[in-house]
Amino acid sequence: MSATNNFLTGQLPQDSGVLGGGRMGAGIAHALLISGSTVVVVERDEASAQAAYERVTESVDKSIARGVVRESKDELMQRFSVSTDYQQFATAQLVIEAVPEIWDLKVSSLQAVEQVLAPEAVLASNTSSLSVNGLAKELARPGKFLGLHFFNPVPASTLIEVVIGEQTEKNLVDASRGWVQALGKTAVVVNDAPGFASSRLGVAIALEAMRMVEEGVASAEDIDNAMVLGYKHPTGPLKTTDIVGLDVRLGIAEYLHETLGERFAPPQILKDMVAEGKLGRKSGRGFYSW
């Protein structure tokens, strides 16, 4: 680990890791990589690791085509690797967990990463709704833990939600702001609460939009256009739900329903569509056909 890279003052970590190389994890790895960090993605098996490598390579190719990076592809890819071995995180200064939003999986994954981290290294979760305080209670070093909630698609999004737990060390607030700035994005800092700020507001709007479809108020397209044209949303709440994944939105809604009450009860249309396998863009069908 380089002594000259004082990542706790806000410099981008020289060595970073991402646990999980799906759409979000690959996007996070790509953001770190093109901003100058050396990155390793750890996945559960060789097939998943290879798929993660291909996702990041594709994103690198697109960044080069758009002219947003100065390094060559060879230079970038020399700083990127994939693995199935958690021990590869031993030299990382920052590891961001990006596994599915399943409580037990999050906890076991974070605990496994924590066991191999250097004492000064920071562990973060990309959770979009699960309690940072709750996750921290399952860790041996809760002071070195926080939420870094990236948005999908990561390359196009300019926002990262920094979620501070009750035990998060105070210096990590400023440090994480610096990391976000180094990634060319903007940080919003929130204290841990169900759904944080973004998911809580975004899901509330999306659930109401679903109820409107369910009640026959308007089509999905017209509801989305009302928000795009009237409120300047880049995409409407239903198309955004398709992009995020209806199953993901359902999981968040169920958690918020449990913690915040009836106003977050998932509509029947959402439960039915998930049961039918209509998960949005990733399945080819949701509120839209993809």
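How far apart should the ends of helix H2 be at 1.5 Å a residue, and how far apart are its end C-alpha atoms? The legends below begin with that helix. This is a predicted model, in which local features need pLDDT of at least 70, side-chain atom pairs count only at pLDDT 80 or more, and totals for chains, interfaces and linings use all residues. Residues are numbered from 1 along each chain as its sequence is written, and side-chain values use heavy atoms, with hydrogens and water left out.

**View 1. Helix H2 from end to end.** H2 covers residues 46–66. Helices (H or I, at least four residues) and strands (E, at least two) are DSSP runs, numbered from the N terminus. The expected span of a helix is 1.5 Å times one less than its number of residues. For the 21 residues of H2 that gives 30 Å, and the end C-alpha atoms are 30 Å apart, which agrees. At the N-terminal end, Asp 45 caps the helix: a side-chain oxygen lies 3.3 Å from the backbone nitrogen of Ala 47. Just after H2, Gly 67 takes a positive phi of about 75°.

**View 2. The buried residues of H2.** Buried means under 20% relative accessible area, exposed over 50%, and partly exposed in between (1.4 Å probe, protein chains only). The buried residues in H2 include Ser 48, Ala 52, Val 56 and Val 60. What do the buried residues of H2 pack against? Their partners are helices H1 (23–34) and H3 (73–77), and strands S2 (38–42) and S3 (80–83). Contact here means heavy atoms within 4.5 Å.

**View 3. Strand S1 and its neighbour S2.** 5 of the 5 residues of S1 are buried, so the strand is largely enclosed by the rest of the structure. Asp 15, Gly 17 and Leu 19 point one way, while Ser 16 and Val 18 point the other way. S1 and S2 run parallel, joined by 5 bridges. Two strands pair if DSSP finds at least two bridges between them. Leu 19 has Val 42 of S2 as its bridge partner.

**View 4. Strands S4 and S5.** S4 (residues 94–97) and S5 pair in the parallel sense over 4 bridges. Val 95 has Leu 123 of S5 as its bridge partner. From S5, Val 122 and Ala 124 point one way, and Leu 123 and Ser 125 the other. All four are buried.

**View 5. A stacked pair of rings.** Rings of Phe, Tyr and Trp (its six-membered ring) pair if their centres lie within 6.5 Å; planes under 30 degrees apart count as stacked, over 60 as edge-to-face and the rest as tilted. The count comes to 3 aromatic pairs. One of them is Phe 7 with Trp 179, stacked at 6.3 Å centre to centre and 25° between the planes. Phe 7 lies in the segment before strand S1 and Trp 179 in helix H6, so the pair ties together parts that are 172 residues apart in sequence. Both residues are buried.

**View 6. Charges over rings.** A charge sits over a ring if NZ of Lys or CZ of Arg is within 6 Å of the ring centre and within 35 degrees of the ring normal. Lys 239 lies over the face of Tyr 288, 4.9 Å from the ring centre. The charged end of Arg 281 sits over the ring of Trp 290, at 5.9 Å from its centre.

How values were computed: Polar contact = N/O pair within 3.5 Å; in protein donor to acceptor, adjacent residues only side chain to side chain.
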